[in-house]
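Dear colleague,

I am handing over a structure that may be new to you. Please find the sequence and the model below, followed by an account of what was found.

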Amino acid sequence: MSSKTLAILPGATLGILGGGQLGRMFTIAARTMGYKVMVLDPDAACPAGQMADTHLQAAYTDGAALQQLGEACAAVTTEFENVPAASLIALAKYCRVSPGADAVAIVQDRSHEKSWLAQHGFATAPFALVYSEGDLDEAFAEIGAPALLKVARFGYDGKGQARVDSRDAARAAFREFGGQPCVLEGFVKLDGEVSVVLARDDAGQCALFPVAENRHADGILDVSIVPARVADDLAETARTMARAVADALGYVGVMAVEFFVADGRLLVNEIAPRPHNSGHYTLDACVTDQFEQQVRVLAGLPLGDTRLLSPVVMVNILGDRWQHDGPHWDTLLAHPAIKLHLYGKTTARPGRKMGHFNVLAADPAAALDLAERMRGAL
Ligand code: AMP
């Protein structure tokens, strides 16, 4: 696409399906650049609704709301993978939509995603598809213990996952998940985890952000460290693989590829068809952040410069911090090189992502040290 003829310019309205924190940060970026934003989300108190020009409070499958969104907006994107593909197809009748329904349909279902990755030659953890208890015996014989049983759809942040060490445990977990389609995955001994966020435009041009080194706690991202403390050739391979995934999907928009590092090799864990938690460091540490990039690619503007301006550590703030006397924001805000981002969520629950902070320092080790001290003090 030629950005000269088809670019959507400030003053136009952009739409987003989903009003969580990712939608909120997209909305802030778009409004900063002079666009109007319409958010579709059924939740009256959703984080993006507080920032948008218009919040359509309706289900993602509501035909009238989709029509209203599509007619009001020059282009619409999404902030979560579980958006019904049919809604994207319906919206595409009215306006430009990215990412496309085909790519979202592949990555929103773990069994499709894993099969697609294997078919396209991308290394993954060993896996087997499980549609019935009968499949489980064969799958367990193939994968062996220890393994993880993961629901194919609607699992996130370690939810809908169970570690299983025996065939009986696998059967029990399958029943507990209500017999829904699952993937049985071999448990990989991880040296670490990394991710790459990138944007790909209609013309197939890609802009890749620097590789993030990620640490998880209880299946939820805890900390991202950038630049990742891995060998240069491994970081370059991660970027090359992420780009190859985007090319093979024919993806248009911002996406993330999460990798396991095991035995010095990269295994693709997951693809996210949206900006990603491990890309929140870009908000304060890159020339262009991942949400501005989402606006740019949606509007058909040239992709922004993804250069890293400073080493950075991003720390997630979960609802667990609200359990006692609440977080000590004063300690955090007293530090001149820490940037706090809160998502405007009114109810804190353990494991719920309430915000994050970015720590900028001269090198990743210093940033990590300060991040850990600040987290302790929170
Ligand atoms: P997921 O939601 O599948 O990305 O899993 C969340 C986190 O659980 C990952 O980032 C890993 O830290 C861990 N995990 C998931 N699958 C595996 C696996 N097959 N082997 C080892 N660790 C895993």
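Two residues are said to touch when they have heavy atoms within 4.5 Å of each other. Please bear in mind that this is a predicted model.

On that definition, and leaving aside residues up to four places away in sequence, Ala-377 touches His-328 and Thr-331. Ala-377 belongs to helix α13, which covers residues 364–377. Its relative accessible area is 30%, so Ala-377 is partly exposed. From Ala-377 to Gln-293 the separation is 84 residues in sequence and 33 Å in space, taken from C-alpha to C-alpha.

I turn next to the packing of helices. Two packed helices are described by the angle between their axes and the distance between the axes. Helix α2 (residues 21–32) packs with helix α11 (residues 290–299) at an angle of about 70 degrees, and their axes are 8 Å apart. The two helices, α2 and α11, are therefore roughly perpendicular. The crossing of α2 past α11 is right-handed. On the α2 side the contact involves Leu-22, Met-25, Phe-26, Ala-29 and Ala-30, which meet Phe-291, Glu-292, Gln-294, Val-295 and Leu-298 of α11. Sorted by class, the residues of this contact between α2 and α11 are eight nonpolar, one polar and one charged.

A second pair consists of helix α7 (residues 133–143) and α8, whose axes lie 10 Å apart at an angle of about 140 degrees. The angle means that α7 is oblique to α8. Here too the crossing, of α7 past α8, is right-handed. Glu-133, Leu-136, Asp-137, Phe-140 and Ala-141 of α7 meet Arg-167, Ala-170, Arg-171, Phe-174 and Arg-175 of α8. The contact of α7 with α8 divides into five nonpolar and five charged residues, with no polar ones.

The next topic is an open sheet. Four strands form it in the order β6-β9-β7-β8, with antiparallel pairing. Its edge strands are β6 (127–130) and β8 (161–164), each of which pairs on one side only. On average, neighbouring strands of this sheet are turned by 20 degrees against each other, direction ignored. Between β6 and strand β9 (residues 182–186) there are four bridges in the antiparallel sense, and Ala-128 stands opposite Leu-184 in β9. Helix α6 (residues 110–119) packs on the sheet and touches β6, β7 (147–151), β8 and β9, its direction making about 140 degrees with that of β6. Helix α8 (residues 167–176) also lies across β6, β7, β8 and β9, running at about 165 degrees to β8.

Finally, there is strand β13 (residues 220–226), which is mostly covered, with seven of its seven residues buried. Strand β12 (residues 212–217) runs antiparallel to β13 and is joined to β13 by five bridges. Asn-214 stands opposite Ser-224 in β13. The hairpin of β12 and β13 has two residues between the strands, and in this hairpin Asp-218 takes a positive phi near 50 degrees. With strand β16 (residues 312–318), β13 pairs in the antiparallel sense over four bridges. In that strand, β16, Val-312 stands opposite Val-226.

With kind regards

How values were computed
Residues are numbered from 1 along each chain as its sequence is written. This is a predicted model: local features need pLDDT of at least 70, side-chain atom pairs count only at pLDDT 80 or more; totals for chains, interfaces and linings use all residues. Side-chain values use heavy atoms; hydrogens and water are left out. Axes are lines fitted to C-alpha atoms, for helices over the stretch in contact, and angles run from 0 to 180 degrees between N-to-C directions. Angles under 35 degrees count as roughly parallel, over 145 as roughly antiparallel, 65 to 115 as roughly perpendicular and the rest as oblique. A crossing is left-handed if the near helix is turned anticlockwise from the far one by less than a right angle, and right-handed if clockwise. Ala, Val, Leu, Ile, Met, Phe, Trp, Tyr, Cys and Pro count as nonpolar, Asp, Glu, Lys and Arg as charged, and the others, Gly among them, as polar. Buried means under 20% relative accessible area, exposed over 50%, partly exposed in between (1.4 Å probe, protein chains only). Two strands pair if DSSP finds at least two bridges between them.
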